[in-house]
Amino acid sequence: MTLNCTCGAVTLEVARKPDFIHECNCTFCTSAAARWGYYHPGEVAVGGATSGHRRTDKPSAAAEVHACRTCSTTTHFVMTEAAIAQHGNTMMGVNMWLADPADLAGVEVRYPDGLAWPGAGRADGTMCARLPPCDAPGPRGPPYSFTYSIGTNSPSEHAAPRCKVPPVVLSA
Ligand SMILES: [Zn+2]
């Protein structure tokens, strides 16, 4: 499928639907106006000029959020050099608000409670990427220690009976 920013200058090409979508309530995700689908960087072709921004309130941000240089629409995030050094370049996020809803039919939307994350500093989208589903037992920190990789989340992770907002499966 192809995703476009508002003005059309940036395109993101992905060959498959995301395994799920994280619509996180943390300040990082909401201020970016993004809900994320996760891919290996090799699965996403980005066309057009984007600008990257990374948080400055921590010594080593893990995610760099990109937006269209023309219309400022948030398009995707990539891992920073520091995060890649620690985890490998294993993941990027694509803003699934830019997808045609018909292309997302059948995809589960999850609502991680990133705003309530007890870790230091603000939660961010990379934290969301490793958050267990809302109901999963155990602590949610520390950040940036990815607990699953793309495409390997287990069936039990898909069962999320205790999300603040019930999971929604998108229909065409
Ligand atoms: Zn644009």
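Tutor: Buried residues make up 36% of the 172 residues in the protein. Buried means 20 or more other C-beta atoms within 10 Å of the residue's own; exposed means 12 or fewer, partly exposed is in between, and C-beta atoms are placed from the backbone. This is a predicted model: local features need pLDDT of at least 70, side-chain atom pairs count only at pLDDT 80 or more, and totals for chains, interfaces and linings use all residues. Residues are numbered from 1 along each chain as its sequence is written.

The protein has 4 helices and 11 strands. These are DSSP runs, numbered from the N terminus: helices are H or I with at least four residues, strands are E with at least two.

Two strands pair if DSSP finds at least two bridges between them. Strand 2 (residues 11-14) and strand 5 are joined antiparallel over 4 bridges. There, Glu-13 stands opposite Ala-45 of strand 5.

Next, two loop residues. Ala-33 lies between helix 1 (27-31) and strand 4 (36-39). Its phi is near 55°, positive although the residue is not glycine. Ala-33 is exposed, because 12 other C-beta atoms lie within 10 Å. Ser-72 sits in the loop between strand 7 (63-68) and strand 8 (74-79). Phi of Ser-72 is near 70°, again a positive value in a residue other than glycine. Ser-72 counts as partly exposed, because it has 13 C-beta neighbours inside 10 Å.
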